[in-house]
Amino acid sequence: MIHIQLKNIGKRYAREWIFRGFDYEFHSNQSYVILGSNGSGKSTLLQIVSSFLTPSEGELKYFSNKHEIEIEKIYQHFSVATPYLELPEEFTLLEILTFHRKLKAFYNDFSNQQIVELMDLEKAKNKKLSNYSSGMKQRVKLGLAILSKSDILLLDEPSANLDAQAIAWYQKLIAEYKKDRIVVVCSNHINAEYEFCEHEIVMEDYKLTKRKNSNNT
């Protein structure tokens, strides 16, 4: 079982603190949503949780069955879908799936064809991603992340560019594959993205901590 421990985490750029005093633990088989408006620091926090960004203060640790995981190896346990994640647009969907499985295994040893069908992109599987709509690209990002066999699933604004039918597809997929993982979703209070989450983190609470501590910096 995986868990993530954050103690007194803060992040600042130049002299401005984005947030401070973040103490939290994430546990397997639990889903969490990070809520906040644009610029509140929710995506920054998600990148810290993924170890992509280093906090300005505080301590971040990862554990598997009470044994600490080296931060250099934690990427092996993650799968991620974010607006700032770029896909190789010169690849077709089938080529991306072939490349991706060299890095991470898929659930149930799904074949490329089975994943194409789960993404509902059968008619576009041989097209380059440069010819995909923004909604189709978002399906690819979400499909790759959710269907990868990972202990920790991080999703930033997962409904971006999705229509109502695609949002229903996302909700069904996440419901089926969230078990036994840590799932963390960033959202601008769009309920359809996170209605399955049991825990809420509100970034504005840590803005208050920032202001209280600002005179001590």
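**Strands, a hairpin and a helix pair**

Strand 4 and strand 5 (residues 67-69) run antiparallel and are joined by 3 bridges. Here two strands count as paired if DSSP finds at least two bridges between them, and helices (H or I, at least four residues) and strands (E, at least two) are DSSP runs, numbered from the N terminus. The model is a predicted one, so to speak of local features takes a pLDDT of at least 70 and side-chain atom pairs count only at pLDDT 80 or more, while totals for chains, interfaces and linings use all residues. Residues are numbered from 1 along each chain as its sequence is written, and side-chain values use heavy atoms, with hydrogens and water left out.

Back to strands 4 and 5: they make a hairpin with 2 residues between them, and N65 in the turn has a positive phi of about 50 degrees. Within this pair, Y62 sits opposite I69 of strand 5. Strand 4 (residues 57-64) also pairs with strand 1 (residues 2-13), again antiparallel, through 7 bridges. There, K7 faces E59 of strand 4.

An open sheet is built from 5 strands in the order 6-7-8-3-9, with parallel pairing. Strand 6 (78-81) and strand 9 (199-202) are the edges, each pairing on one side only. On average, neighbouring strands of the sheet are turned by 15 degrees against each other, direction ignored; axes are lines fitted to C-alpha atoms, for helices over the stretch in contact, and angles run from 0 to 180 degrees between N-to-C directions. Strand 3 (residues 30-35) pairs with strand 9 in the parallel sense over 4 bridges, and V33 has E200 in strand 9 as its bridge partner.

Helix 4 (residues 134-147) packs on this sheet, touching strand 6 and strand 7 (152-156), where contact means heavy atoms within 4.5 Å. The direction of helix 4 makes about 165 degrees with that of strand 6.

Helix 4 has a helix partner too. The axes of helix 3 (residues 112-119) and helix 4 come within 10 Å and cross at roughly 120 degrees. That makes helix 3 oblique to helix 4 (angles under 35 degrees count as roughly parallel, over 145 as roughly antiparallel, 65 to 115 as roughly perpendicular and the rest as oblique). On the helix 3 side, I115, L118 and M119 meet R139, V140, G143, L144 and L147 of helix 4. The residues of this contact divide into 6 nonpolar, 1 polar and 1 charged; Ala, Val, Leu, Ile, Met, Phe, Trp, Tyr, Cys and Pro count as nonpolar, Asp, Glu, Lys and Arg as charged, and the others, Gly among them, as polar.
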